[in-house]
Amino acid sequence: MKTFTSVADIGSLTEAIAEARAIKADRFADASLGRNRTLMMVFFNSSLRTRLSTQKAALNLGMNVIVLDINQGAWKLETERGVIMDGDKPEHLLEAIPVMGCYADIIGVRAFASLTDKKADYEEQVINQFIRYSGRPVFSMEAATGHPLQAFADVITIEEHKTKPRPKVVLTWAPHPRALPQAVPNSFAQWTVAAGYDVVITHPRGYELAPEFTAGATIEYDREKAFSGADFIYAKNWSAYADPDYGKILSTDRSWTVDTRSMALTDNAFFMHCLPVRRNMIVTDDVIESERSLVIPEAANREISAQTVLKRMLQSL
Amino acid sequence: MKTFTSVADIGSLTEAIAEARAIKADRFADASLGRNRTLMMVFFNSSLRTRLSTQKAALNLGMNVIVLDINQGAWKLETERGVIMDGDKPEHLLEAIPVMGCYADIIGVRAFASLTDKKADYEEQVINQFIRYSGRPVFSMEAATGHPLQAFADVITIEEHKTKPRPKVVLTWAPHPRALPQAVPNSFAQWTVAAGYDVVITHPRGYELAPEFTAGATIEYDREKAFSGADFIYAKNWSAYADPDYGKILSTDRSWTVDTRSMALTDNAFFMHCLPVRRNMIVTDDVIESERSLVIPEAANREISAQTVLKRMLQSL
Amino acid sequence: MKTFTSVADIGSLTEAIAEARAIKADRFADASLGRNRTLMMVFFNSSLRTRLSTQKAALNLGMNVIVLDINQGAWKLETERGVIMDGDKPEHLLEAIPVMGCYADIIGVRAFASLTDKKADYEEQVINQFIRYSGRPVFSMEAATGHPLQAFADVITIEEHKTKPRPKVVLTWAPHPRALPQAVPNSFAQWTVAAGYDVVITHPRGYELAPEFTAGATIEYDREKAFSGADFIYAKNWSAYADPDYGKILSTDRSWTVDTRSMALTDNAFFMHCLPVRRNMIVTDDVIESERSLVIPEAANREISAQTVLKRMLQSL
């Protein structure tokens, strides 16, 4: 595997899930595979779970890890040719990225959406420049439009807990005080459809996601109908995708907060969220603390999804 | 050993000191004990010695190390249930701490006293939340009320240099321009009493430490009397513990600075301080640079105290 | 090797280059040499290439690496004796540096020139204090007046590409919007002269470098004459060295930008720069992107120069 930004990169999802389960059963089985191999983790945005879980996955494989924090906004890379670089951008990406490639065998990149330039965001300009210019396998640690390591971990978690071959999996929008990217819901929709689940997405009007990510899922504006009979409820906030509201908050309606009343509509569903989560905005205390909450197992599976991706990239070197 | 915050956690201090000496004699003897084990070091406050020495100790044991710097104040964890998290706290400790536990085998925590909320400080709210919710062995890298890795290193250093079975060890307050926590003097008093030394604490009136830490030590307000016949002088500044002055500076009296004149009252005592030290506030240049100064050996023994604690925690996994 | 700040420390440059080539051919041949040895990298200034390449070199040798970022200006070390430390400097170098030495086997230091105090800069006060007080081998990761790891990498690169025994190597000043130190041109001049090349330095009047670094090179104010017949063009900006203009920008004349017109004067020269580079200030897009550009190979050789130095230091322990 040379790039990992989308479900298409993982090949057979069934095989990938089986491989992930084998890794989880014995996570040090390949502790010599990464010997003398270096992972470079490049963060343009802050990170807790991704930083820790990806680093742990690489160490499980015996890799060396170098972490590079690009202070948010502090290291401005020039991207255009022909510009006289006499301003605040001290380096051009055409030098910076190949240089990083000199010292790494595999590169992970975190670069969030701007939410101000939809075209740049959905062209995935930052991570695609790494793919094009680094000369190394590159994987997303959450890019502008997708968070595939999270979605892969979510699918592994659903596989571990589902009791039906084709569970009803509901992605529900929930309120949040800040404008958030669409990366997590985009990838969750894409991966759960690929996993063959009955995927329903519910949100207030205006919050429609990009069709290339939600193809195969049912959009259901009636939240009660969406929750009815659900096996898994996956809550997440996102800002508007559709023009002219791209990146905007259209609603903070707390009737969309997941609570015991709405969970009662489901078929005793599990509750999921990628974390960090705003309690009593996204979900009430009692739901997230209930026995049906999977938020910690999901986080634990981030190590497994990252290790599966890194293992495949190491094998391709 | 599952927690390390106090001298009570170390069990027999005599055995712990013997173990520390064996580690110092061959610090790579257990280089495979930590194989495939990960230490997570969580810093809520900045650190030089603790960061370096603890990391070195873990590497000596063959562990992987992940360092997590929580920028001071930047990552505000919600701690209450029921709060609608629509403000500046993006994550609840009930998720954040178990997640860290997912990726670590052992967790070290540095979280200083606020000096504004005595109850929260002396209940050790932050580190106790890690102990309760992480599911992992947790050790203090200096918490609100104690710094046991420092005190353990100090006792190791005294053992290496004492010439009497029961030396006179004097903890003396000294002036400093900023308000400092009581963590270091609290632990020093607790550990040196436990080591069976003749412990005397001297300070201006109003600087009395919490009795639960100083039990067994003699409080001597007459500094000359305290220094008389001392074998070890341990200087340290701290702010007031007693109400209503908790966390305040009551004195910057430079007659409490340790100098050659006051050292002349001792029995050719060694000089000790945990560092960093303000010269000519806490101690004069000539005393800290003298042949009787142990400040660098103390710092070097931080690696040994940390390695002893980590070794025991690894053995308990 | 106990210190590495200058070409004199490397001994026979011919032997060092041969050793570097052997390392490049098999960079994991000495993967056990650094077992249980710790490199501490101390950064007083920010770093991309040096941070990554030096860390990679140490990992290739099986070392443990601890990175210490001293926030620029945030950790002020007192350097004078006798000062009453009641101000903003919390620690004295006489404690801080020996403490770092406690936990490291080898120390790398990055500490740029102030450009405001020429005497302090050219006495190399910071790195010399590490050499004097740490008790460990110390190497420069760019100090005030030199950047020997860069110059060594540059010489390795020239050796890999030269087609004549004694190529003409031209160091040319080029414009830049900020005042930069003389460290890179100083070391480049010193190392290329030591390598036996025909070294020519060209710059506007007023930009003369310190004679102790340029001895053996020809200073040629006529840029066209300097470029004529050159085999390698090494572009770099620097601020004035000569009094009373030390640290100042005397020119931003873009006629000194390296472009295809000036490259046409050469003998089909290779283009070199240490990076990061301001395009269309230092060099035009087409020159830096041409097949004769060596900027990425130079960066890749930073891993090799660092590994050669670390290997020798490890052998001397």
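**A walk from core to interface**

Start in chain C: select C:I10, C:F139 and C:F271, which touch the most other members of the 99-residue largest nonpolar core. Such a core is a set of buried Ala, Val, Leu, Ile, Met, Phe, Trp, Tyr and Cys residues joined through side-chain atoms within 4.5 Å, where buried means under 20% relative accessible area with a 1.4 Å probe, protein chains only.

This is a predicted model, so local features need pLDDT of at least 70 and side-chain atom pairs count only at pLDDT 80 or more, while totals for chains, interfaces and linings use all residues. Numbering runs from 1 along each chain as its sequence is written, chains are lettered from A in the order written, and side-chain values use heavy atoms, leaving out hydrogens and water.

Now zoom in on C:F139. Leaving aside residues up to four places away in sequence, its contacts (heavy atoms within 4.5 Å) include C:F4, C:L39, C:I106, C:V309 and C:M313.

Next, show chains A and C together: 27 residues of chain A are in contact with 28 of chain C. Across this interface there are 3 salt bridges, meaning a side-chain nitrogen of Lys or Arg within 4 Å of a carboxyl oxygen of Asp or Glu. Pick C:E289 and A:R81 for one of them, with the closest N and O atoms 2.8 Å apart. On the chain A side, colour helix 3, a DSSP run of H or I with at least four residues: this helix gives the most, with 7 residues.

A turn of 120° and a shift of 0.0 Å along the axis gives an RMSD of 0.0 Å, which is the relation of a three-fold axis.

Note on methods: Least-squares fit on C-alpha atoms with pLDDT ≥ 70 in both. Buried < 20%, exposed > 50% of the residue type's maximum accessible area, 1.4 Å probe, protein only. Helix = DSSP H or I, 4+ residues; strand = E, 2+ residues; numbered from the N terminus.
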